[in-house]
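Hi,

Here is the structure I promised to pass on. Have a look at it first, and then read my notes below.

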Amino acid sequence: MPGRMSQVMDDWRNLKKQMGVTQDRTYLFHRGQPVVAIWGIGFNDHRNYNLSECRQLIEFFKHDPEAGGCTVMLGVPAHWRELNNDAVNDPELLKVIAMADVVSPWTVGRYTDINGADKYAATTLAADTSWCREHKIDYLPVVFPGFSWHNMYGGTFNQIPRLHGQFLWSQFCAVKRAGISMAYVAMFDEVDEGTAIFKCANDVPTGTNSQFVTFEGLPSDFYLKLVGKGTRLIRGEIPLTAQVADDKYSRTAKPSPSTSNN
């Protein structure tokens with residue numbers, strides 16, 4: 001909401017001073033500073049706040065004498081650098097993003113198959129990475145296993161197929177090829193959008209009005225293990241291979257008529 005950034009600031013002051021959240025051993029730090037993520041800057045879907053207010057909030061988290069000193073990660077549109085498609089066409093956006101420590105473009109649904117993911121990596125991802133390196137900003141790309149809004153909005157069933165993990169793996173490979181040191185997996189538990197990677201059963205009750213995408217007969221922990229493998233790939237602990245099919249499950253699993261997630 002516009003005009004309410006001061007409330008966000010007060011919330012953070014309370015979290016830091018009264019609750020001591022940044023003193024918790026589980027709190028995420030990056031480059032020695034506590035991480036604060038500000039998500040949703042620069043989208044062209046008429047969000048009810050402006051770039052000036054976003055700038056104010058970033059300056060607070062970075063430079064406030066008592067509550068600042070944070071690493072600020074910005075969640076931005078996939079086409080933030082080009083100022084088109086899902087991003088506002090306003091050069092001020094680039095100035096605001098240049099204030100960040102980490103930039104993370106939202107790419108879920110921006111490509112729908114491996115060819116589209118490869119094209120995005122060769123063009124947008126590569127140019128984004130160069131821009132961030134030029135501005136000394138860390139880059140946090142988003143990767144996702146598949147997508148379906150069928151039950152939530154009545155969209156196409158299994159809109160972006162998982163392909164037995166190959167779709168997600170192709171994105172991990174693109175991140176590695178680009179020399180990027182980290183990635184954000186969307187999402188751990190997002191069943192509504194069919195992007196969940198947490199344990200899901202392939203054989204669950206079905207209703208007359210619902211149809212669910214499965215894990216294609218793969219074990220319930222397949223995607224958790226695949227993300228672990230992607231982590232090792234990015235760290236350079238395992239070699240880059242174009243196919244995830246060296247995993248015995250992705251070679252043998254067959255599509256299942258039962259259901260697990262949207």
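The buried residues of helix H6 are Gln166, Phe167, Leu168, Trp169, Ser170, Gln171, Phe172, Cys173, Ala174 and Val175, where buried means under 20% relative accessible area, exposed over 50%, and partly exposed in between (1.4 Å probe, protein chains only). That makes 10 of the 12 residues of H6, a helix that is mostly covered.

Before I go on, please keep in mind that this is a predicted model: local features need pLDDT of at least 70, side-chain atom pairs count only at pLDDT 80 or more, and totals for chains, interfaces and linings use all residues. Residues are numbered from 1 along each chain as its sequence is written, and side-chain values use heavy atoms, with hydrogens and water left out. Helices (H or I, at least four residues) and strands (E, at least two) are DSSP runs, numbered from the N terminus.

Back to H6, which covers residues 166-177 and reaches 16 Å from its first C-alpha to its last, close to the 16 Å expected at 1.5 Å a residue; the expected span is 1.5 Å times one less than the number of residues. Its buried residues pack against helix H4 (114-134), strand S6, strand S7 (184-185) and helix H7 (222-235), with contact taken as heavy atoms within 4.5 Å. After H6 comes Gly179, with a positive phi near 75 degrees.

Met5, Met9 and Trp12 are buried in H1. Seen down the helix axis, the buried residues of H1 fall within an arc of 60 degrees, so they line one face of the helix; the arc is that of the directions from the axis to the C-beta atoms. They pack against strand S2 (33-39) and H2.

Now for the loops. Which backbone details might you want to check? Asn158 has a positive phi of about 50 degrees although it is not a glycine, and His164 has one of about 55 degrees, again without being a glycine. Asn158 is in the loop between H5 and H6, and His164 is found in the loop between H5 and H6 as well. Asn158 is partly exposed at 25% relative accessibility, whereas His164 is buried at 17%. There is also a cis peptide bond from Ala186 to Met187, with omega near -10 degrees; Met187 is placed in the loop between S7 and H7.

Phe147 sits in the loop between S6 (142-143) and H5. Because its relative accessibility is 8%, Phe147 counts as buried. Leaving out residues up to four places away in sequence, Phe147 touches Val108, Asn158, Gln159, Ile160, Glu193, Gly194 and Thr195. Phe147 and Val108 are 39 residues apart in sequence, with their C-alpha atoms 7.7 Å apart in space.

Glu66 lies in the loop between H2 (51-63) and strand S3 (71-77), and at 70% relative accessibility Glu66 counts as exposed. Glu66 and Asn50 are 16 residues apart in sequence and 25 Å apart in space, C-alpha to C-alpha.

His79, in the loop between S3 and helix H3 (92-97), is buried, with a relative accessible area of 14%.

Happy to talk any of this through.

Best wishes
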